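Reader: Hello! Could you walk me through this protein step by step?

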Amino acid sequence: MVNRNALRAGAVSAGTTLMLLMSSSAFALTRDDGDDPGPGLSVMETLGLYVALPIVSFLVIAGLVMMLDKSRKQTG
């Protein structure tokens with residue numbers, strides 16, 4: 001007799017694999033009505049958007065947290 005946990009794990013794995021295959025980039029080639037993609041990003045725009053902007057955002061948030069934390073310690 002098959003273990004129920006093994007059967008569930010197989011069903012989840014099969015479902016996940018099916019969803020990944022359905023959402024692959026090969027299915028993105030068909031255009032929808034009214035689809036109007038803009039121009040692509042250059043390498044520098046991509047690096048700025050996905051690398052530099054998150055790092056700068058992290059540093060700004062970390063700096064604000066540190067400034068607020070220091071001001072509380074000095075007054076207390």
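Reader: Is Leu49 buried, partly exposed or exposed?

Author: This is a predicted model, where local features need pLDDT of at least 70, side-chain atom pairs count only at pLDDT 80 or more, and totals for chains, interfaces and linings use all residues. Residues are numbered from 1 along each chain as its sequence is written, and side-chain values use heavy atoms, without hydrogens and water. Buried means under 20% relative accessible area, exposed over 50%, and partly exposed in between (1.4 Å probe, protein chains only). Leu49 has 39% relative accessibility, so Leu49 counts as partly exposed.

Reader: Thanks! Which helix holds Leu49?

Author: Helices here are DSSP runs (H or I, at least four residues), numbered from the N terminus. The protein has 2 helices and 0 strands. Leu49 belongs to the one covering residues 43-75, helix α2.

Reader: And what should helix α1 span?

Author: The expected span is 1.5 Å times one less than the number of residues. Helix α1 has 19 residues, 4-22, and its end C-alpha atoms are 27 Å apart.
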